[in-house]
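Trainee: I'm new to this one and would like to know what the labels rest on. Could we go through them together?

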Amino acid sequence: MSASVPPSPWTNAAAEEPRVPRGTPVYTAWAWVTAWTTVAAVAASAVMMWLLTGPILTYARHVAELSGMAATGARVQPSAVFAIMFDLMPGIMTASLVGTLLSWALYALAIVAGYRDYVQLGRLGYPKRFHWAWSFLSPVYPIGRAVVVRRQAGAGSATMWIALAATAASLLLSLGWSFWLMTAMFDAMRAGLGTFA
């Protein structure tokens with residue numbers, strides 16, 4: 001005696017994936033904006049790093065000079081340390097302000113673009129869409145959007161590759177700048193001390 005097993009509801013899940021008519025556009029102007037804001041965010045980070053580099057290295061050199069003076073027995077006034085900080089504060093504040101404003105503007109643009117793209121995909125007839133609220137997690141929307149659109153149209157991965165490349169570039173830029181800055185700071189401190197090469 002054999003018991004009959006009911007058919008699994010998951011066997012034809014891939015076949016039941018909704019599709020859009022052939023020729024339906026897979027990209028909107030807003031989709032490109034969401035993808036390219038990730039690239040622009042990398043550029044904004046590079047600008048902020050570039051603006052911060054000068055003041056940081058100048059500070060390291062001045063502190064090393066004061067340390068060298070103290071090592072020789074000369075008395076270093078606390079006002080000298082404050083003077084260095086006050087001289088460099090405008091550069092640091094400018095870099096921070098520019099970086100923050102650029103980052104927030106790009107973040108807002110990515111969210112608006114994600115919402116507009118979500119609406120536009122609905123008008124194009126996509127029955128399933130990656131929700132626009134994922135735009136709040138910066139590179140997630142262009143990646144998820146590409147996956148969902150590709151399942152329904154068979155194409156549309158470019159936004160994902162742009163976002164992934166920008167994310168990788170951001171990581172490499174941050175690591176590269178950090179290592180370079182540490183080396184440059186040691187060089188600046190060596191020049192400030194002037195005691196060992």
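Mentor: Start just after α3, where glycine 154 has a positive phi of about 85 degrees. Before we go on: this is a predicted model, where local features need pLDDT of at least 70 and side-chain atom pairs count only at pLDDT 80 or more, while totals for chains, interfaces and linings use all residues. Residues are numbered from 1 along each chain as its sequence is written, and side-chain values use heavy atoms, with hydrogens and water left out.

Trainee: What makes the end-to-end distance of α3 agree with its 14 residues?

Mentor: The expected span is 1.5 Å times one less than the number of residues. For α3 that should give 20 Å, and its end C-alpha atoms are 20 Å apart, so the two agree.

Trainee: How many helices and strands does the chain have?

Mentor: Four helices and zero strands, in the order α-α-α-α from the N terminus. Both kinds are DSSP runs numbered from the N terminus: helices are H or I with at least four residues, strands are E with at least two.

Trainee: Why is the pairing of aspartate 117 and arginine 145 called a salt bridge?

Mentor: The term asks for a side-chain nitrogen of Lys or Arg within 4 Å of a carboxyl oxygen of Asp or Glu. Here the N to O distance is 2.6 Å, and the pair qualifies. Aspartate 117 sits in helix α2 (residues 78-123) and arginine 145 in helix α3 (residues 140-153), so the bridge ties together parts 28 residues apart in sequence. A search of the whole structure turns up one salt bridge.

Trainee: Are aspartate 117 and arginine 145 buried or exposed?

Mentor: Buried means under 20% relative accessible area, exposed means over 50%, and partly exposed is in between (1.4 Å probe, protein chains only). Aspartate 117 is at 0%, so it counts as buried. Arginine 145, at 1%, counts as buried too. Other buried residues of α3 include Tyr141, Pro142 and Gly144.

Trainee: What makes threonine 34 buried?

Mentor: Its relative accessible area is 3%, so threonine 34 falls on the buried side. Threonine 34 belongs to helix α1 (residues 29-71).

Trainee: Which residues is threonine 34 in contact with, leaving aside neighbours within four places in sequence?

Mentor: Contact means heavy atoms within 4.5 Å. On that basis threonine 34 contacts Ala110, Ala113, Gly114, Tyr141 and Pro142.

Trainee: And how much of the chain is buried?

Mentor: Buried residues make up 28% of the 197 residues.
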